[in-house]
Amino acid sequence: MQPQAFLQNPLPKVSVMPIADQRGASLIEVLVSILILSIGLLGMAGLQTRTLKGNHSALQRSEVVTLTHFIFDAMRANLTAARDGGYATPRTCAVPEVSSALIGEDRRAWISAVRSALGDGSSTCVTLAFDASSGTYTVTLEWDDGRAGGLSNQTFVTVSRP
């Protein structure tokens, strides 16, 4: 390109809008920004809700493990009766009445703790099955975990000797 041609054809003029014609442009940008921010905050709130539900479910599972140890510790404290199958309990969903026997009181305290930790609903149930040939107990805990958003009925099974 020749230098003279450049001087003869300067850059085209850019039309500048007067300030009075630009009113409202900033307001639209602010509104779009607020909309995008609102959508992001709603997404974060939903994520926080799902996290809380998952944490609640994990807490219940941890409590189930602790409650299983609770009954096995009670059996170890009364080992003779435990080895004879005295702690065997059919599926029950209600706290038994107060008993004067140690086994009955251990069961009542355990089932009360289970219902307190996992919910006092009709789906919170326990079973203590005794296998005389191996001397083991199968502890089954059932509860409703519908608050976590997954499967509502949960079952936890532990097999151990006292």
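A residue is termed buried when its relative accessible area is under 20%, exposed when that area is over 50%, and partly exposed in between. The legends below describe close-up views of a predicted model.

**View A. The disulfide between Cys 93 and Cys 125.** One disulfide is found in a search of the whole structure. The sulfur atoms of Cys 93 and Cys 125 lie 1.8 Å apart. The link is right-handed, with 95° about the S-S bond. It connects distant parts of the chain, the two cysteines being 32 residues apart: Cys 93 belongs to the loop between strand S1 (89-92) and helix H4 (102-118), whereas Cys 125 belongs to strand S2 (residues 125-131).

**View B. Accessibility of the two linked cysteines, Cys 93 and Cys 125.** Cys 125 has a relative accessible area of 1% and is therefore buried. Cys 93 has a relative accessibility of 23%, so this residue counts as partly exposed.

**View C. The open sheet of four strands.** The strands follow the order S1-S2-S3-S4, and their pairing is antiparallel. S1 and strand S4 (153-160) are the edge strands, each pairing on one side only. On average, and with direction ignored, neighbouring strands of this sheet are turned by 15° against each other.

**View D. Pairing of S1 with S2.** These antiparallel strands are joined by two bridges. Thr 92 stands opposite Val 126, a residue of S2.

**View E. Pairing of S2 with strand S3 (residues 136-144).** Seven bridges connect S2 and S3, and the two strands run antiparallel. Thr 127 stands opposite Thr 140 of S3. Phe 130 has Tyr 137, in S3, as its bridge partner.

**View F. The hairpin formed by S2 and S3.** Four residues lie between the two strands. In the turn, Gly 135 has a positive phi of about 75°.

**View G. A nonpolar surface patch made by Ile 28, Val 32 and Ile 36.** The patch covers about 300 Å². Ile 28, one of the residues that make the patch, lies in helix H2 (residues 25-77). With a relative accessible area of 56%, Ile 28 lies over the 50% cut-off and is therefore exposed.

Conventions. Residues numbered from 1 in each chain as written. Predicted model: local features only at pLDDT ≥ 70, side-chain atom pairs only at ≥ 80, totals over all residues. Heavy atoms only, no water. Disulfide = S-S within 2.5 Å. Buried < 20%, exposed > 50% of the residue type's maximum accessible area, 1.4 Å probe, protein only. Patch = residues over 30% accessible without salt bridge, like charges linked within 9 Å, V, L, I, M, F, W, Y side chains within 5 Å. Areas by Shrake-Rupley, 256 points an atom, 1.4 Å probe, with all protein chains shown as cover. Salt bridge = Lys/Arg side-chain N within 4 Å of Asp/Glu carboxyl O. Pairing = 2+ DSSP bridges. Axes fitted to C-alpha atoms, helices over the stretch in contact; angles between N-to-C directions.
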